[in-house]
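Please read the points below beside the sequence and the coordinates. They follow the order in which a colleague might check them.

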Amino acid sequence: MKILQSWLKEYVDIDVTTEELVEKLFGSGFEVEETIYLGKDIEKIYVGEVTSIEKYEGTHLYICHVNCGEQGEDNLILTGADNVFKGAKVPAALIGAKLPNGLEIQPRKMKDMISYGMLCSGGELGIDDNWIKGADVNGILILPDDAPVGEDIVKYLGLDDYVFDISITANRPDCQSVLGIAREVAAFLKKPLKEPDYSYNCTEKTHPDISVEVIDKDLCPRYLGHYIYNVKHFESPQWMKRRLSVCGFGAIDAIVDITNYVLLEIGQPMHAYDLDTLDGKSIVVRRATYGEKITTLDEKERVLTAENLLICDKAKGVGLAGIMGGLNSEIEPTTTEILLEAAKFRRDNVRKTSRALGLHTDAAARFEKGVDEYGVECGMARALNLVQTMGVAEISSSAYDVTAGESTENVKFDVTVSKVNSVLGIDVPQETIVEILRALQFGVEENGETLSLTVPRWRADIENYQDIAEEIIREYGYSHVVPTFLDSAKVTGGGLNYLQNKELSAKKFFCAMGFYEIQTLAMYSKRELDMIMLPEDAPERKCVELLNPITDNLSIMRTVMSPCMINVIADNVKNDRSSGRFFELANVYLPKELPLKEAPEERKILCLGAYGADETFFTVKEAIESFALANGLNFTFKRGERPYLHSGMTAEIFCNEKSIGHLGKLKYEVVEGLNIAEGKKTDLNIIIAELNYSLIQEMYEPEIKYVPDNGFAKIKRDLSLILDKKTLCGDVENAIRQASAKAVKVELFDHYENEKLGFGKKSLSFSITFADDCDVTDEIADSEMIKINAVVASDFGAIVRGI
Amino acid sequence: MKDFSEIKEQVKAKIEEVKDNASLSEFWQSYLGKQGVIQGLMKEMKNVPPEEKPSFGKAVNEVREWAQGLYAQKQSQVKELELKARYEREAIDVTMPAMKRDIGNLHPITLIKHQMIDVFAGMGFEVFEGPEIEDDDHNFTRLNVLKDHPSRDMQDTFYLTEELLLRTHTSPGQIRTMDTHKPPIKVLVPGKVFRSDSDATHSPMFSQMEGLVVDKGITLCDLQGMLDKFVQEIFGSGTKTRLRPSYFPFTEPSVEVDVSCFECGGKGCSLCKGTGWIEVLGGGVVNKKVLENCGIDSEVYSGLAFGIGIERITMLKYGISNMGVLFRNEQDFLEQFKA
């Protein structure tokens, strides 16, 4: 919000430097994001009087002698502008002068003469007609006759002033105005506040027909209307125009300017309706009907819903409540009777409407943060005061006040000094507390250490001792806080718990296996699901959609991690990294039902991705098996399938008989579809694994019990089998275990294929360890081997090779 | 008496010639084996007069023992030589590179997250991770962000339904903790949060760490004291904090916390934009309404809460100026965080 320093000074006597003021505002919670000096980049330009002027023959120039008083009484300046005349007061930039456009004035030869300066236009000084009449003319800015010769132009034009762009926190809607900030400044400078003049006199005239009705009081708790007549149309005085223009408002017409001025000064948006245009001279405040239309002052037609509050007359909408007036009730140069409006509209409703229509106005900005009923009253009074003092119109006695009955009384409550100090942890003296609160215009009665407070009506944010504590500390100064280290808190145990530690270990494990941790966004689009060729009925397509995505690319919550991994790999391939290993441990979001009724399951997935010439199914499998080993888990692998993984190089992974994920090589078609250069796709080998970490962590065994060796003899035997090539090693291994309960360890130690074995055959050699609750003898081992041989022969047609 | 000096000379010369295991065993066979010269001397016993037999036998034994001694000595010499030769034979170029296996590392956000956790863990904070998909009640209402309050605008929210949303901050973790734990509470809630804005300084997803302490007699001074300790651990022992007023609906008073610039020590530099201070986090005294919303007696207990942007700390700590790089996952970037 923009605040002009000189305007602020109208309400409070500021006796500190601008820098100190900014510092103090910052300290009390009002960060000045930008301080703009209006006379910035204007130097050595003075009010000058043209003492003589003559045409410079053979040129388009005029030779002027300019008197700048103390700054030099006779300056020879050439100008091309032809609105200069003898006796004119003009801005004269002398040698060494600087202009906002970056120009620096030097003696300048023009034909055969040297000009020792420059006469300036309004534009060259960065100002327009709103600042001073004549600034917009095509030529030199001609100043009023009474401009004092030799005065610095920055001072003379009122540019020796600052605009503060202040950020206002959401709890302080009362500070969205010059007056609001002035209250704060008065409080911290401990100066009296000079309130604006709210007084006005009404004529005896009343209007017989005007009616104001508020149907939807929930959205409009307070509505004030006042009838004014004999409206005159003229330009506002310069001081008002300057203030409006600095804050971004163009000057239009005195009455319209007054409404904008009050918005800036008091923080209360106002509106003026041309009474002539109101059907039945009525104001009806109601929700719009679905599809109802209104053309707003910006000449755009808006289609409304019942969510939007509309100011209407008997027949039609005449204004979007709190946002913008209707074109049909606009003040025209012919308007003679006006109904002035000051109202409170429910802030979230204004916000919703403003957002839905994409219509952001200064009025809406204030209503959205919230106006208070005190401000509504002040706004109307101040507007009427200006109407009267500026002679804009006559003020009738027809005033309307429709209220939903919200209390307009001051909030009162008691606090104790000790309670306030208990929040802060320091002892602010009672007299300081009282002084601060009074400076902030609280009513304070002291009874011992109990303070009976009367809260100013504009401070809707103040409800209890905590709010008071904040008022105290921001005025008293945060530098008074004395850091303590939880002196009164109980000692507690802290740190990561078992599973949190395991998770960090899991991450570190994969780092040690050469994988880099990545972080990808949890949202993507349906294109990512298409990318991995999921069929229409794939469960992963059942996904949570955002109601308000910022872009279509991030419109659904991910249900599968692979696309994120594939995109990261593709990006790295693009960056000429020919190989790499990544992992991510993050959530997928799985809705239990659609449309969504309850929060979806957030499942932690450990996704691994590896690519490059040296990566194979088994290099990643090694990492996964090592992870299982490191965590005391037993993973088994079966042939699996996924729409995006190689049909012959995909495994489903099991632990404790539950599927915990899958591993496979990315399909050629998926690689083909990646947005990377064709040359880089050839032989691009991507291995992906997705492990259900939520499930895996349930299988961790936190309790470890040492089991001593039972001392019984074990026997190790080797078994070499010739098998059909398609027989799965894992199946054979399982069959061996099933055939012999004593086979406690079955490990493949050799495998090969060759011509001797025959076409379509392979050889697998297992080392089998037999153990039991007694010594395993050769006889026992022999009989177990016979059982195993029989099973592998019958199940797989295996031929046992002699070793 | 038979003189064996001739044989002894022979043995002496022979053992000198022994250089390796093969000649060693040849020596054994020639002199000490069953067919050897010394064993052969015993065969001459039968030709020795009976009265000389004992002394002859003794003399042969002496020769044998003497030769065995020489043998044993040589044996260990040979072994030593052989090992020496083996070591020389097996010598490798130790400067050759080993088999390469790249070692990965954690993402910088994870690294910083855990550094932060470690600091607070030492103060007795537990870690709680709440859901990323929250309801309006936990994310807003019970944190005193009421339906019509403009502070809802402070955090542009991604909605899934009217009620369900992507959490905009980790603060709902406060509610979930207080719902299930009685004071004393010291908890950290790290996690991902989501807001619907995206530009050079904002990502629609980022990470926060919430901290909450609820106990008897907790004050604003404790907040600063605790955060002083935190910033000193993270940014260096000379780092100081500065509190300044701010607004969050769930704390009152609310503060922004700045740290003295660790780059220039507060003199003013490009990092702190000449101010000497860097904004790092927000916090405050827990609003009594929030305690009450969780059934905690605000007359007995008070609390403090803070929220830290993990990316912000990560960027400051590692000198990263563009937030986007954190989520681009480029190897050139990721590889640099071997800490």
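1. A residue is called buried if 20 or more other C-beta atoms, placed from the backbone, lie within 10 Å of its own, exposed if 12 or fewer do, and partly exposed in between. D41(A), with 13 other C-beta atoms within 10 Å, is therefore partly exposed; this residue sits in the loop between β2 (31-37) and β3 (43-55) of chain A (strands being DSSP runs of E of at least two residues, and helices runs of H or I of at least four, numbered from the N terminus), and its phi is near 65 degrees, a positive value in a residue other than glycine.

2. This is a predicted model, in which local features need pLDDT of at least 70 and side-chain atom pairs count only at pLDDT 80 or more, whereas totals for chains, interfaces and linings use all residues. Residues are numbered from 1 along each chain as its sequence is written, and chains are lettered from A and ligands numbered from 1 in the order in which they are written.

3. N656(A), in the loop between β31 (645-655) and β32 (658-666) of chain A, likewise has a positive phi, near 50 degrees.

4. The peptide bond from L594(A) to P595(A) is cis, with omega near -5 degrees, and P595(A) belongs to the loop between β28 (580-590) and β29 (601-611) of chain A. In chain B, the bond from P183(B) to P184(B) is also cis, with omega near 5 degrees, and P184(B) lies in the loop between α7 (172-180) and β4 (185-194).

5. Between the chains, 76 residues of chain A are in contact with 71 residues of chain B, contact meaning C-beta atoms, placed from the backbone, within 7 Å.

Definitions and conventions:
Contact = placed C-beta atoms within 7 Å.
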